[in-house]
Amino acid sequence: MDEHGLWGLVACHHGQPWLLDHRSRNAFILLGKVANLELMRHQQRQRQSDRQQHQQLIHQLHQSLQETGQATQQVLMQAAPLLWRLFAADGLAVVFDHSITTQGVTPSTEELAQLVTWLTAQGQTVWSTDCLVQQYPDCQHWAQHPAGLLAINLVIRSPHPNSYHLLLFRPEQIQTVTWAGQLSASIAINDDGRPTLCPRASFDLWQETVQGRSQIWTAQDLDFVNELRNTLMLAALKISTAALERATEQAQIANRAKSEFLANMSHEIRTPMNAVLGFTALLQPLVHDPVAQGYLDAITSSGQTLLALINDILDLSKIEAGQMTIRYEPIHLHHVIKDIQSIFKQKALEKRLKLRTIYDESVPAVILLDEIRLRQILFNLVGNALKFTERGYVDIEVNCILPQQQDGIETVDLEISVTDSGIGIPEESQTLIFDAFAQVEGSLSRRYEGTGLGLTITHRLTELMGGTLTLVSEIGKGSRFTCYFSHVDVAHEASFPQVNPMSRKRQQVIDFNQLPKMTILIADDIRSNRDLLAGYLSDTIHTLIFACDGQQTIELAQQHQPDLILLDLRMPHLNGQEAALRLKADPKTWGASHL
Ligand code: ADP
């Protein structure tokens, strides 16, 4: 014993304790008791100090992971000396994904990699043994083979597959004991035939039992390691979540950039299609050969399909980029519905389907909605209904619910539904079909063409106008899509802008010679667009002048004072908007011109 307490203890049996006299025996018994007490106190002190150091380590790990965001691996390597002391280990390995770092006495990197694969397959987050060779016989071929192993195995499968392993190796126990005795006899047999253990023999026996084993991992070791595991798990999850957040953010940025790019490029993407379709239309009356006519028809119909697809993609991009604005204006809902009916009349006739409109008479004549977007919604819903119906009917129904008056403003709740007696939509697909590019799986819908964008756009547009789109459908019986708009403002006939009758007859072929003779200035930087307009107007009574940019437009307008200017919005040097402002501000160009 020294001033701190018990310093060490040598204990031996005496071969024949009964030969000791009574007093010596009592003295030894007393000494044994004192030593025992001292040993317990010593162990308790040791446990307390271990616990404190362990807490400190956990705290340190927490801190460094929180503050510096240092990689878990680095933090653990820094804590290696402490970990050795706490776990009475002589080697430590940290494996993070496939990168391995070690300190002290450990197997080689390849051996560690194989061990880690084996440990992962065991599926336990904390794994320990005091005799590795028994559990993992491969280790007997290692140059350095540790006897005991305590391992933390963290495998995170999502959001990103990651794995962390902390391995603590303990040497064989025997190596830590040095025998210094010189006693020769092992087990001796007494005169009366009883075996007597002598120290050397009992040491040999002990050595046999602990051969190839390390000190066992105590409950306290396992408690420590479980706590360490929890801390590491938190760190691992934090790192993984942070990586996921970064990835999500990048994906969102990329997605937004894509949508913005497409939305901004819409002009450039549509322009060549206009040229393809426009020039084909101009060619049609000039070509008389039936085979060539067939080719032109094919170009026209493929061009129209492609344009519809481009329009859908661009619309969706515009919505996603937040560039789709809703313009509320007074509209005649009745006219819109009638128009939609007449657009699809021919298709319904071809399929021998009834296309009916059921119009609630209490719907106000003029309401405030975005006409273009409403047409787009109805066009998609009625188009789908006809596409997916082979017999029966398609009904467009408008109902007006709850006319209300608030602060002098009249509003109504409006329900527009499109019902068909078609193939119906299975329940499991009823939410899915509102996602972009989604179509109902299975053979039924395979024979119908489409991109799977129509309903996504319809849904988004309805929501942009403050409405909801719902679906009720039964397979084999039909579907009913309903748009519900609440508090739609009622407008009055007087607020309705004077509609140019020409705009209602967009489809009609126009004879430009019916217009008074004019000088027309066409401003567009794209040559095919200028040529196209020249093609449409070339055989007419009108005089055409062409400009390639805003600046030239102003100069030519000053020079010729045209009656009509067709001005492209996007042009180099001076864009259409800027040019229009200058043209309007200058009395020389803004005499009789229409822009
Ligand atoms: P598209 O019609 O271009 O494929 P949509 O987004 O308009 O894309 O529709 C998605 C899918 O929803 C269609 O492919 C079809 O499977 C299903 N669907 C839409 N409307 C109907 C309907 N009225 N009846 C049956 N199925 C429909």
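Predicted model: local features only at pLDDT ≥ 70, side-chain atom pairs only at ≥ 80, totals over all residues.
**Note on side-chain contacts in the model**

1. Arg-582 and Glu-578 both belong to helix 15 (residues 576-585), where a spacing of four residues separates them by about one helical turn. Their side chains meet in a salt bridge, with an N to O distance of 3.8 Å. Arg-582 has a relative accessible area of 40%, so the residue is classed as partly exposed. Glu-578, with a value of 34%, is likewise partly exposed.

2. The salt bridges number 13 in total. One of them joins the side chains of Glu-390 and Lys-351, at 3.6 Å from N to O. Glu-390 is placed in the loop between helix 10 (371-387) and strand 11 (393-406), and Lys-351 in the loop between helix 9 (333-350) and strand 9 (354-359); the contact therefore ties together parts that lie 39 residues apart in sequence. With a relative accessibility of 38%, Glu-390 falls in the partly exposed class. Lys-351 is also partly exposed, its relative accessible area being 22%.

3. A further salt bridge is formed by the side chains of Glu-397 and Arg-480, again described by an N to O distance, here 3.8 Å. This pair links distant parts of the chain, since Glu-397 is in strand 11 and Arg-480 in strand 14 (residues 478-491), 83 residues apart. Are the two partners buried or partly exposed? Glu-397 has a relative accessible area of 18% and is buried, because the buried class covers values under 20%. Arg-480, at 28%, is partly exposed.

4. Turning to the aromatic side chains, the structure contains seven aromatic pairs. In one of these, Phe-87 and Phe-224 adopt an edge-to-face arrangement, with 6.3 Å from centre to centre and 85° between the planes. Phe-87 lies in helix 3 (residues 80-87) and Phe-224 in helix 7 (residues 219-283), so this contact ties together parts separated by 137 residues in sequence. Phe-87 and Phe-224 are both buried.

5. How are the rings of Phe-96 and Tyr-164 arranged? Their centres are 4.6 Å apart and their planes meet at 35°, so the pair is tilted. The stacked class would require planes under 30 degrees apart. Because Phe-96 lies in strand 1 (residues 91-96) and Tyr-164 in strand 5 (residues 162-170), the pair ties together parts that are 68 residues apart in sequence.

6. One aromatic cluster is formed by four residues, namely Trp-118, Trp-127, Tyr-136 and Trp-142.

7. The charged end of Arg-170 sits over the ring of Trp-217, at 3.7 Å from the ring centre. Arg-356 lies over the face of Tyr-393, where the distance to the ring centre is 4.9 Å.

Technical notes
Residues numbered from 1 in each chain as written. Heavy atoms only, no water. Salt bridge = Lys/Arg side-chain N within 4 Å of Asp/Glu carboxyl O. Helix = DSSP H or I, 4+ residues; strand = E, 2+ residues; numbered from the N terminus. Buried < 20%, exposed > 50% of the residue type's maximum accessible area, 1.4 Å probe, protein only. Phe/Tyr/Trp six-rings, centres within 6.5 Å; stacked < 30°, edge-to-face > 60°. Lys NZ or Arg CZ within 6 Å of the ring centre and 35° of its normal.
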